[in-house]
Structures are given as C-alpha cells and as structure tokens.
Amino acid sequence: MPAVRLGLAGQTVSGKPVGTNKTSRRKARLGANSPLKRRKDEEKENSQTQKDIRQYFPVRGKRKTASELKKMERDGIEKAVIENREEGMEVFYCEEKGYGVKAIRPFRRGEFICEYAGDLISQKQGMERELFYDSRPGGVMYGCYMYYFQFQEKSYCLDGTIDNGRLGRLLNHSKKNPNVQTCSIGIQNRPRLIFKALRDIEVGEELCYDYGDRSRSHIDLFPWLAV
C-alpha cells in the first residue's frame, strides 16, 4: 500500500506530499518581472536618490514658531543688557544739544541698541531729586537725566544724572524725526529700560528719541525740545 500522508486541512492523499512551500512561492512572486519586485526596486532607487541629494544639499530645519522667535529675541536682549553691551555707537559733540550718540554701523528696525542705565528709584524719589538738582547753582541749565516710566502697573524713575560712563543717558531728543524708542523689560526681577531701533538706521545717523517733554518753560530754556 502506498504511503499515506496528511495534506492540507487534514486531507489524506497518496503519492507526493501535499503542502505549501512558502519560500519557493515567495521567490516566485518576486520574480524579475513581478509588480512587487519592480515596486521594491523603485523604493530602493528613490531611497538612494534622497540619500545622494542630502549629501550635497543640507536639509532645511524645522521652521520656528512666532513664540520661539520671540523668546530668542528676548533671550538675546537679556544677555546684552546683563553684559552692558553697547556696540555700534560713538559719542560726538553738538553745539546746540551738547553730547550725543551716533551710529557707526547699521541697525535694523526693532534691533536692541543699548540700555538706559541709571539709579532705579520710585517716582516720588525722582521728583524730589529733580527739585534738588534744580536748586543747585545753575541747576536748571545744568539739567538732570531723569526718565519716568511704568512697569507692571508701578511707577519708577531712572536717574542717570551722575555720569556712569554708559551711552544711553546721552541719547538726544527728536520730536519730529526719532529713530529710537524706549521699551521696559523685566530682567533678574528688576525693571530695565532699553532702546530699540524705531526704523532702519544708517551709519552716521544720530540716535534720538522723543523725550515727551512738552513743558513750555522747558522749551523756552531748551528750544531743541520742540524740534
């Protein structure tokens, strides 16, 4: 009696064993002209092409969000303030206004310029100091360098009257054509006052901002306040 073997689904057949040779069937499906073989060859070729492209052309990184860019800008300003950075400027003398500051390199709109550095005091203390400065011989003409501002709903004054070697206190006034603006920012739990470019600034331009002083008595003493 011929040998009996179990075939598919438990069927009994005689003669050759009945079964599925998975390896041979897979090789058949991957024959040279089979669709699956052609697809795999194309995928391999595309993968190699992409690899070659990346060797010569760097892949562009992920585009940063608006919040990420804003954080980068703030971190840069904070670092510049902490380091007392004052780059791209020089002091000059003007007969009409006295000492001033001009750009020796271009500044782009919104770029950090420098800090208005001085003694941080309350608004009340600032007004008291102003009276004291004015009471000195020639005090009104000598002037003072007081900047009043608000930060987080509190009023402050930065007194830069005493020469501290910083450039921010020397920036002059321009009502009609300012190219710099002030901004308040909190750094290391302390309000700071900084200057940023109001527009693009060219080399040689004087750096000016609007003092906001519209007092008639002050304009009479310092006519350039009206300019």
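A word on the source. The model is predicted, so local features need pLDDT of at least 70 and side-chain atom pairs count only at pLDDT 80 or more, while totals for chains, interfaces and linings use all residues. Residues are numbered from 1 along each chain as its sequence is written, and side-chain values use heavy atoms, with hydrogens and water left out.

Salt bridges to begin with. Side chains of opposite charge can pair when their charged atoms come close. Here the term means a side-chain nitrogen of Lys or Arg within 4 Å of a carboxyl oxygen of Asp or Glu. The structure holds 14 of them.

Look at Arg-166. Its side chain meets that of Glu-86 in a salt bridge, 2.9 Å from N to O. Arg-166 sits in the loop between strand S8 (154–159) and strand S9 (172–173), and Glu-86 in the loop between helix H3 (66–82) and strand S3 (89–94), so the pair ties together parts 80 residues apart in sequence. Helices and strands are DSSP runs, numbered from the N terminus: H or I of at least four residues, and E of at least two.

Is Arg-166 buried or exposed? Arg-166 is buried, at 14% relative accessible area. Buried means under 20%, exposed over 50%, partly exposed in between, with a 1.4 Å probe and protein chains only. Glu-86 is partly exposed, at 21%.

Arg-166 also forms a salt bridge with Glu-115, with the closest N and O atoms 3.6 Å apart. That pair links distant parts of the chain: Glu-115 is in strand S5 (residues 112–115), 51 residues from Arg-166. Glu-115 is buried, at 4%. Glu-86, Glu-115, Arg-166 and Arg-192 are linked in a network of salt bridges.

Now the sheet. Which order do its strands take? It is an open sheet of three strands, S5-S11-S10, with antiparallel pairing. Two strands pair if DSSP finds at least two bridges between them. S5 and strand S10 (180–187) stand at the edges with a single partner strand each, so one side of each has no neighbour in the sheet. The twist averages 35 degrees from one strand to the next.

S5 and strand S11 (residues 190–197) pair over three bridges. The bridge partner of Phe-112 is Lys-196, in S11. H3 packs on the sheet, touching S5, S10 and S11. Contact means heavy atoms within 4.5 Å. The direction of H3 makes about 90 degrees with that of S10. Axes are lines fitted to C-alpha atoms, for helices over the stretch in contact, and angles run from 0 to 180 degrees between N-to-C directions.
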